[in-house]
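Good morning, colleagues. Please bring the sequence and the structure into view, and we shall go through some of the contacts together.

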Amino acid sequence: MVNGKWNCCTSLRRDSIASSSMKLFLVIFPLILVVVFGIVSIMNPKEREEIIDLRSEAVLEDVNGIHNANFNHSLASTPFPVQLMQTPPQQSVTNEKEVLKPWINSTDPLNETYVPHTRMKQQKKFSILDRTEAGLSQARAAIREANNMNQTQDPDYVPIGPMYWNAKAFHRSYLEMEKLFKVFVYEEGEPPVFHNGPCKSIYSMEGNFIHAIEMNDKFRTKDPQKAHVFFLPFSVVMLVRFVYLRESRDFGPIRKTVTDYINVISEKYPYWNRSLGADHFMLACHDWGPETSFSVPYLHKNSIRVLCNANTSERFNPAKDVSFPEINLQTGSINGFLGGPSASQRPILAFFAGGLHGYIRSILLDHWENKDQDIMVQQYLPKGVSYYEMLRKSKYCLCPSGYEVASPRVVEAIYTGCVPVLISDHYVPPFSDVLNWKAFSVEVSVEDIPKLKDILMRISPTQYIRMQRRVGQIRRHFEVHSPPKRYDVFHMILHSVWLRRLNFRVHDDE
């Protein structure tokens with residue numbers, strides 16, 4: 001009958017047709033909406049997951065088209081693609097406790113219009129998590145759009161230049177972090193192993209970060225439901241000092257301490273089991289940081305490991321883990337260590353002073369120790385010669401790895417305005433997700449150590465001046481301040497953790 005009426009009206013004027021069409025549309029459209037939403041409401045969970053998967057695949061296709069495969073990710077869209085992963089098997093965290101809440105990675109969930117009456121209370125319980133994930137989704141979208149917008153003005157610092165893979169995206173990501181990011185610090189555990197760490201040594205960043213995050217009002221939250229990540233506040237340096245039995249060669253006591261701690265927080269709180277540790281992070285500058293993380297399978301497999309010893313040959317994963325700098329704060333402060341003369345006031349081509357410590361230094365000393373006036377390589381400086389003054393007189397500062405890949409010489413070079421020369425194998429430099437190290441440093445492979453002078457001499461004076469100027473520009477990202485200042489090393493560590501948290505979605509299955 002309806003079709004018949006429409007056929008009879010073909011001879012009417014156009015305005016009458018338009019008027020009748022609009023009235024009919026207004027009557028039918030609400031009915032269509034009711035039918036459509038009714039269908040969505042009665043979809044089974046599998047069908048809904050397929051819709052989410054399709055949307056996730058579209059996001060992955062968009063993101064992966066502009067990302068590099070290596071760890072030097074351009075931030076042209078999102079810092080890291082939001083990855084789809086299979087829900088892990090429900091295994092025990094320590095082979096004792098059953099995991100009840102597996103997690104998956106995806107993009108935004110669909111709005112569900114129907115919730116069974118028996119699940120209403122449970123839906124309300126996890127609405128905070130939904131809002132948290134929605135906020136992260138909006139942050140990802142803002143970072144994607146950064147390239148299409150004018151860079152936001154910032155009273156403290158506006159990142160710009162080739163030192164950054166994508167300065168606009170980094171700046172937007174940093175501002176989104178300041179606006180949203182919340183960290184929950186577990187209060188369980190007692191000093192000196194927990195909530196404590198060294199502040200005046202080569203491992204000083206362990207103590208500095210623990211102290212800074214626990215005193216921070218902006219990023220730390222006392223409400224775990226509002227947290228994006230959860231910090232495990234143990235110090236590997238303190239584990240070695242107070243738990244490890246010297247000369248025993250037995251790593252068991254450290255492993256047991258970490259395992260017991262994970263058991264405590266996983267039994268008291270739901271958050272470890274909810275994500276299988278994926279939204280938890282540990283921080284260690286001690287060489288044994290990676291080994292400590294192996295105490296609990298999900299700690300090294302899923303959790304964000306913030307490590308100075310960022311060695312890919314020892315299972316450091318740049319897409320999940322964070323490389324941060326080793327900083328030797330001899331006095332607990334950077335006062336007196338910053339600054340140096342301009343490029344034209346540096347007569348020494350390259351400088352290194354240090355003892356035998358690993359095979360790379362042995363190769364360097366064999367080829368260059370006291371053999372060339374331009375390449376000043378020595379094990380020990382003459383009495384009365386200042387190490388830091390030598391750094392300030394040098395154009396390039398050699399930073400060979402020791403027994404482990406990280407070296408405090410990298411930051412010492414940056415502090416004094418000397419272009420760092422990284423000589424290492426399998427090392428991921430700090431904050432490589434944001435910083436383009438090739439713009440302000442020189443990377444030399446171990447096999448090219450004999451060619452070191454030729455490599456440095458081939459760098460033109462103009463290029464060297466540019467690199468030296470860029471070292472000064474990025475120095476703020478490696479400075480330690482108490483209290484922390486925007487864009488300093490504390491905030492850069494947090495930003496790297498923030499980027500990893502953007503890479504996955506925590507999903508509660510219950």
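Ser424 is found in the loop between strand E9 and strand E10 (442–444); helices (H or I, at least four residues) and strands (E, at least two) are DSSP runs, numbered from the N terminus. This is a predicted model, in which local features need pLDDT of at least 70 and side-chain atom pairs count only at pLDDT 80 or more, whereas totals for chains, interfaces and linings use all residues. Residues are numbered from 1 along each chain as its sequence is written, and side-chain values use heavy atoms, with hydrogens and water left out.

Is Ser424 buried or exposed? Ser424 has a relative accessible area of 16%, so it is buried, a term that means under 20% relative accessible area, with exposed being over 50% and partly exposed in between (1.4 Å probe, protein chains only). Leaving aside residues up to four places away in sequence, Ser424 touches Ile360, Ser401, Val444 and Val446, where contact means heavy atoms within 4.5 Å.

Ile360 brings us to helix H13 (residues 359–368), whose buried residues are Ile360, Arg361, Leu364, Leu365 and Trp368. Viewed down the axis of H13, these residues fall within an arc of 130 degrees, so they line one face of the helix; the arc is that of the directions from the helix axis to the C-beta atoms. Their cover includes strand E6 (348–353), strand E8 (394–400) and helix H15 (409–415). After H13 comes Asn370, with a positive phi near 55 degrees.

I turn now to the aromatic rings. Rings of Phe, Tyr and Trp (its six-membered ring) pair if their centres lie within 6.5 Å; planes under 30 degrees apart count as stacked, over 60 as edge-to-face and the rest as tilted. By this rule there are 27 aromatic pairs. Phe170 and Tyr487 form one that is edge-to-face, at 6.4 Å centre to centre and 70 degrees between the planes. Phe170 lies in helix H6 (residues 167–180) and Tyr487 in the loop between helix H17 (461–474) and helix H18 (489–501), 317 residues apart. Both Phe170 and Tyr487 are buried.

The ring centres of Phe209 and Phe490 are 5.4 Å apart and their planes are at 40 degrees, so this pair is tilted. Phe209 is in helix H7 (residues 204–215) and Phe490 in helix H18, so the pair ties together parts 281 residues apart in sequence.

Lastly, the charged end of Arg315 sits over the ring of Phe294, 4.0 Å from its centre; the rule requires NZ of Lys or CZ of Arg within 6 Å of the ring centre and within 35 degrees of the ring normal.
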